[in-house]
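Open the structure in your viewer and keep the selection tool at hand. We will go stop by stop, and at each one you select something and look at what is there.

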Amino acid sequence: MKMNFQPLSTPVPNRKSGQRDVLQLATEPLDKVRIGFVGLGYRGQSAVNRWQHIDGVEVVALCDTDIDFVNRCASTVRHGDVSLFSGPDGYTRLCALPHLDIVYICTDWQSHAEIALCAMEHGKHVAIEVPAALSLAEIWQLVDKAETSRRHCMMLENSVYDYFESAVLQLYRCGAFGNIVHVEGGYAHTMTDQWTPWRMEYNRTHRGDVYPTHGLGPLCQLLDIHRADRLDYLVAMQSDAYTGNTAYQDIMGKPCEDFSNGDETTTLIRTLRGKTITLTHNVMNPRPYSRGYKVVGTQGYASKYPQPQLLLAAEGLRKLQLPLEHAGQVLPDDVADRLLSAHYPSYFCEQQALAHELDPRGGMSFFMDYRLAYCLQRGLPLDMDVYDMAEWCCVSELSALSIAHGAAPVCVPDFTRGAASV
């Protein structure tokens, strides 16, 4: 359907002469993945522990601005010599190590892009905690650096490895849902004691969906974004900041009268092929944890919260060889459970016990790490590339731009710059 309005747009920098896209990038296989970690707080320490349980991996370097964090984490590394770095320039010295293949970044949001750019400048692959970039300027810098360095730049979006989302993706590829029409996702829960000063300050100064990737990532995989479709444009609005000023004073210990981020942000996205996405964000109000995952297709429906549900039309049931008596009804729990488990990726079952032991979130972070190592060892394209990172992160700035212009439509750039044949 052709638009009869002119959406706002943002600049798309030209690709420099000789620079090529990194769609389906495959690099040299690594017999052993030598990994270094930057940022050794809770997430970083957990990641170091997980990676030590993956075959063919060696932890070779650790870095944090706080030397106590470095020493504490170093004491848990069981094999080999580990290079230790601290201080404000520690990550630059880590990235320069010759015996290092990938830099795994778990610092605060504001430093993600800077460290990743340094790593790729030194010829290292990078894996970056969410959100990998906070602005379009950072996103384009990461895309350009990945294309010029020919190194992998992957955002560590673990939600795409959760059980339900992974099984629904496989069911869709089997034809169970027909043609997907609409999807929903988001990020909602009460932060309470999880607030950090830097995150609170970021919310004070920024409008829009500042944390979109947990909800958006699995949805974009379902829609095959920048492979068979792409994000076309979005509109966004937010509620007033009813809670922000009080929450800021509680965390920061000083008054606030100018909290920018509304309690609830809603973003609507349309794809080039006419699919729609609803994305929400709320970490201010009392509510249970939810990523709002929902899939609406011409032949079926799936939702995860508040409890998993599957509903299939007769055609979807036939494709899966299920009794037609369930057509148009929510599948009984036992039928749905068997169907979902039968469509988990094979490595879920192979690694399930270890994943549950190492990952309190059910295993999805371990599966994410396992797949990253697996692909690097075999020279395969990664499950998520730099363009996925760009598309999922760009919603932050674009939603803020839409809100600033009264919920005006805003174009989503083609971060492949025409390289994807959509």
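**Stop 1: a pair of strands.** Select strand β8, residues 231–238, and strand β9, residues 265–271. This is a predicted model. The two strands pair in the antiparallel sense, over seven bridges. Zoom in on Leu234: its bridge partner in β9 is Ile269. Now find Gln238, which stands opposite Thr265 in β9.

Strands of a sheet pair through backbone hydrogen bonds, either parallel or antiparallel. Keep that in mind for the next stops.

Stop 2: In β14, Val410 stands opposite Leu234.

**Stop 3: the hairpin.** Look for Leu268, which stands opposite Thr278 in β10. β9 and β10 form a hairpin, with four residues between them. Select Gly274 in the turn: its phi is positive, about 85 degrees.

**Stop 4: a parallel pair.** Select strand β7, residues 180–188, next to β10, residues 276–282. These two pair in the parallel sense, over seven bridges. His182 has Thr276 in β10 as its bridge partner.

**Stop 5: the whole sheet.** Now select the strands β13, β12, β11, β7, β10, β9, β8 and β14, in that order. They make an open sheet of eight strands with mixed pairing. Which strands stand at the edges? They are β13, residues 309–312, and β14. Each has a single partner strand, so one side of each is left without a neighbour in the sheet.

Stop 6: Select helix α7, residues 197–205. Its buried residues are Arg199, Met200, Tyr202, Asn203 and Arg204. They pack against β7, α9 (244–252) and β10.

An α-helix has 3.6 residues a turn, so residues three or four places apart point the same way.

**Stop 7: two annotated spans.** Select residues 197–307. UniProt lists "domain: Glycosyl hydrolase 109 C-terminal" there, in an unreviewed entry. This span is 25% helix and 27% strand, and its end C-alpha atoms are 33 Å apart. Then select residues 33–154. The unreviewed UniProt entry gives "domain: Gfo/Idh/MocA-like oxidoreductase N-terminal" for them. Here the chain is 39% helix and 23% strand, and the end C-alpha atoms lie 15 Å apart.

**Stop 8: helix α13.** Select residues 364–378, which form helix α13. The helix has 15 residues. From its first C-alpha to its last it reaches 21 Å, close to the 21 Å expected at 1.5 Å a residue. How many of its residues are buried? The count is 13 of 15, and α13 is mostly covered. Step just past the helix to Gly379, which takes a positive phi of about 65 degrees.

**Stop 9: a histidine in a loop.** Select His152, in the loop between α5 (136–149) and β6 (153–155). Is His152 buried or exposed? It counts as buried, at 7% relative accessibility. Show its contacts, leaving aside neighbours within four places in sequence. You will find Leu25, Thr27, His125, Val126, Leu376, Leu380 and Leu382.

**Stop 10: a glutamate in a helix.** Select Glu391 in helix α14, residues 386–393. Glu391 is buried, with a relative accessible area of 4%. Its side chain and that of His226 are joined by a polar contact of 2.9 Å. Leaving aside neighbours within four places in sequence, Glu391 is in contact with Leu216, Ile225, His226, Leu231 and Phe415. The C-alpha atoms of Glu391 and Arg230 are separated by 9.0 Å, although the two are 161 residues apart along the chain.

**Stop 11: the cysteines.** Disulfides here come to zero. Cys394 is in no disulfide either; its nearest cysteine sulfur, that of Cys393, is 8.1 Å away. Finish by checking burial. Cys63 is buried, with a relative accessible area of 3%. Cys394 is buried too, at 1%.

Key: Residues numbered from 1 in each chain as written. Predicted model: local features only at pLDDT ≥ 70, side-chain atom pairs only at ≥ 80, totals over all residues. Heavy atoms only, no water. Disulfide = S-S within 2.5 Å. Buried < 20%, exposed > 50% of the residue type's maximum accessible area, 1.4 Å probe, protein only. Pairing = 2+ DSSP bridges. Expected span 1.5 Å × (residues − 1). Contact = heavy atoms within 4.5 Å. Polar contact = N/O pair within 3.5 Å; in protein donor to acceptor, adjacent residues only side chain to side chain. UniProt positions renumbered as here; feature names shortened; annotations may be inferred.
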